[in-house]
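Visitor: Could you take me through one part of this structure in close detail? I would enjoy a careful look at a metal site and then its surroundings.

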Amino acid sequence: MSSPYPTPGTMLSEIYGDTTGRHRFDPYLADWSDSLKDDRGRVRLHKARCSFLQGSFDFGDLKKAYQMWVGLPEFGKINVYQNGVLLETIISKLPKRGNDIYRWKLKKRLSFLESLGDSHFFNPKDRNLHGAKTQMLFITLTWDPTTCDLETAWSGRKVDKIKGLLNSDPYNPIISKRCKPENVGDHYLAHARGCPCVSCRWNRWVSAMRKNYGKIKVFRNFEAFGESPDDNKVHADGYPHVHAVLLFEDYEFPVSLRDRHKHFRISRGEKDKISNLWDFHVDIEACYSVQGAMGYIKKYLLKTYGKPNVENVPRITSDKAEFTTSLLWLFRKQSFAVSGGGWSDLITYGVTQTDISDFC
Ligand SMILES: [Zn+2]
Ligand SMILES: [Zn+2]
C-alpha cells in the first residue's frame, strides 16, 4: 500500500492510523519499547525523553524504560595512562545511575562523610530539652503541583543567551571583557530570571539562608513525590521536592520539643523564619549529632540507587526510590550535591550529561 505524500495540514492519523493511543504512536513497531531503542536494541535516554515529553508515556512506562536501560550492561574502552604514556586499554562496564558500578563509585565518593568528624549537639535520650541547641537541621522543601507543569518543575524555563553580551541592544552591543574573545557571540541556554524549577528555587533559598544565618554546609538531595491513587484530585506525583541537611557554622537553634513522631523540633518562630523563604510547605527536624544524620544519608542514597536489602531507611521504599531515579534520569538532574566551604571541593557527585549521557 502506498500512502499519498503528506501535504501541510495532513493529520498524522491519516497516515499512521490512530497515533494518539498509548504505546501506539508508531504502528510500524511491533513492541512499544522499540520506540526507545537505537538500531542495536539499546534503550536510549533521548528516545525515552521524546516519548515521555510528547505524552505517549505514563509513569509506569517511564519506570519500565528506566529498568530496561539500567538493566542492560554497557561497556566502554578506557585508556590507562602513566606519565602521558598509554599503558593499556581496558574494557570496563560503565556506570549507569542505579547499577552496581555506579553504587561502587557512589560509596567511594561518600566516604568523605566520615571525615567530617562527629559533633553531638544534645542528648536525644534526655527527657528535659531545656537549653538543648543544635547546629544541624534536616529540612524538607515540598512543592505545589498547581504552580507549573512537571517538565518546568524539573527542567525550568530556559532562555537563549549570547556569551559575552552585557546588554540586549544588537546595534550597540556591550561586550564583557571577562569573556574569552573566541567565545563571544556563542549562544547558550540559561534558566530565566526567577525560574520556577527546583534547582533555581533551591539556589535562591540557599542564598537567602546564608544571608540570614552565615556560613552553612549543605548536603541536598532531589526526590520525586510518589504516585497516588486516582481520585480526580490534583496530586504532586512525579514532582520534585528537596531534602537537605544543613550544618550551621555561625548559628544555633534552640530545640523546643519532641513531637509524637519522635522528631525533634526547633521553636515555632525559628521555623517560620526559615519556612517563609520557600514558597511551599517546609518541614524541619533538629539533628542531635553529625554522624547520625550522615549515616542516614549514606543508607538513603545507596537504597535510592538500587542496593537491595538496605534495612531501616525511613521515608523510602525500593519502589519509590526507583520512581525518583527514573525521573532524575529522564530530566537529567544531578541527584545530590554538597556545598559550603570545605565540602565543596570534596565532592560534587552527579552527572554531567552530555552525549554519552546515556550512561549516567
Ligand atoms: Zn530553573
Ligand atoms: Zn522525600
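**The zinc site and beyond**

Guide: Happy to. Along the chain, the donors of the zinc ion (ligand 2) follow the spacing E-x17-H-x1-H. In this predicted model, those protein donors are Glu223 through OE, His241 through NE2 and His243 through NE2, and they lie 1.9 to 2.1 Å from the zinc ion. Glu223 belongs to strand E7 (residues 216–224) and His243 to strand E8 (residues 240–248); the pair is 20 residues apart and links distant parts of the chain. Both Glu223 and His243 are buried.

The largest nonpolar core has 79 residues, and Trp205 and Ile274 have the most contacts inside it. Helix H8 (residues 290–304) gives the largest share of this core, eight residues. Because domain 1 (16–71) and domain 2 (100–156 + 194–359) both give residues to this core, it lies between them. Leaving aside residues up to four places away in sequence, Ile274 touches Trp205, along with Leu137, Ile139, Met209, Tyr213, Phe253, Ile266 and Ile284.

Finally, Asn99 caps the N-terminal end of H4, with a side-chain oxygen 3.3 Å from the backbone nitrogen of Ile101.

Key:
Residues numbered from 1 in each chain as written. Chains lettered and ligands numbered in written order. Predicted model: local features only at pLDDT ≥ 70, side-chain atom pairs only at ≥ 80, totals over all residues. Heavy atoms only, no water. Core = buried A, V, L, I, M, F, W, Y, C linked by side-chain atoms within 4.5 Å. Buried < 20%, exposed > 50% of the residue type's maximum accessible area, 1.4 Å probe, protein only. Helix = DSSP H or I, 4+ residues; strand = E, 2+ residues; numbered from the N terminus. Domains from an automatic or database assignment. Contact = heavy atoms within 4.5 Å. Polar contact = N/O pair within 3.5 Å; in protein donor to acceptor, adjacent residues only side chain to side chain. Donors = N, O, S within 2.8 Å, 3.2 Å for Na, K, Ca; no water.
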